[in-house]
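This report examines selected features of one protein chain. Please keep the sequence and the three-dimensional view at hand while reading.

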Amino acid sequence: MTLFNKYDVMLAPMAGITTLPFRLICEKLGADLTFCEMVSAAGMAHASAKTHRLVETCDDEKTIGVQLFGHDPKTIAEQACVISEELLSKLSHIDINMGCPARKIIKKGDGSALMKKQGVAANIVASVKESVNCPVTVKFRRGFDLGEESCVEFAKRMEDAGADAVCVHGRFAMQYYKGESCTDAIARVKSAVDIPVIGNGDVFSAKDYANMVSNTNCDAVLVARGASKNPFIFSEIKNYIATGELKSTDTSLRLEIACEHARLIEKLQNENYFVSFLQFRKQAMNYIEGIPGARKARGLICGCSCADDFISVFDSLKVF
């Protein structure tokens, strides 16, 4: 399967969520590609150990996508090269974030702020293309200011700069995550460029995935919040692709994967890769949502601090 086949489905980069253990779980459940957390090019350049840990992988992980953010073409290109040389065949491609709407990101001229500086954005893409041999993609939004769609023009500019594909989120940056993601905007980009287009936004189920593909004719789908709440969305999408049926994941498998996730955190939490079991509490609650006995279990999860604690709670739910 190539990177941008019609039915590729990918895990988007999410801060504090797409850690190595979570990526391994999503890969096992059917994600064709997973991204690590969004990486600061400036942080990498300053040799931040915390930033560098974000791109660490392991033998069990097949491939990884790395999304860089920043605003200086030279810095981003240099760090893309460093990552490419370090990860080698583990790296699927470099994605450049030009869509993050967070105020602290925009304030520095990073993320979606680059949609207002198309010349700089194009220079970043061209510089990264010159520095690496892997594919280079760009993720951006429908537009920056609410109601002012610029994604088609922006996509064309990125294509001209050398981008191998673009990923479009169907909201405006100033819309943040309110309202609905517009698939029509993604479709307009798809019709305007010759490179692959990846659809993103409001994919919370296999049905949403099917609607995204049908409404936009996109070449791949990037799943973000839908996967953080329900990593089984990947296996459910793959089942839909294979059979045309919409089928939810049974309780026994959900609890089995939840236990495996806890063990992966235990295995990978060392001096080179830190994953807090405190962060896992929210994910653990997502795993058990809707299962009989979940209400009591949520209270117990709030006191869990190691793999055995979590597994004990998950095992207690198997009797229902």
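Which residues of α12 are buried? In this predicted model, the buried residues of α12 are Arg-254, Leu-255, Ile-257, Ala-258, Cys-259, His-261, Ala-262, Leu-264, Ile-265 and Leu-268. An α-helix has 3.6 residues a turn, so residues three or four places apart point the same way.

Glu-37 belongs to the loop that joins β2 (33-34) to β3 (39-40). Glu-37 is buried, yet it has no salt bridge. The nearest side chain of opposite charge is that of Arg-23, 6.2 Å away; a salt bridge is not counted because the cut-off is 4 Å. Apart from neighbours within four places in sequence, Glu-37 is in contact with Pro-13, Met-14, Ala-15, Gly-16, Ile-17, Thr-18, Thr-19 and Leu-54.

Aromatic rings form a further theme. The count comes to seven aromatic pairs. One aromatic cluster is formed by Phe-232, Phe-277, Phe-280, Tyr-287, Phe-310 and Phe-314.

| Charged residue | Ring | Distance from ring centre |
|---|---|---|
| Lys-116 | Phe-144 | 4.3 Å |
| Arg-141 | Tyr-177 | 4.9 Å |

Conventions: Residues numbered from 1 in each chain as written. Predicted model: local features only at pLDDT ≥ 70, side-chain atom pairs only at ≥ 80, totals over all residues. Heavy atoms only, no water. Buried < 20%, exposed > 50% of the residue type's maximum accessible area, 1.4 Å probe, protein only. Helix = DSSP H or I, 4+ residues; strand = E, 2+ residues; numbered from the N terminus. Lys, Arg positive; Asp, Glu negative; His and termini not counted. Contact = heavy atoms within 4.5 Å. Phe/Tyr/Trp six-rings, centres within 6.5 Å; stacked < 30°, edge-to-face > 60°. Lys NZ or Arg CZ within 6 Å of the ring centre and 35° of its normal.
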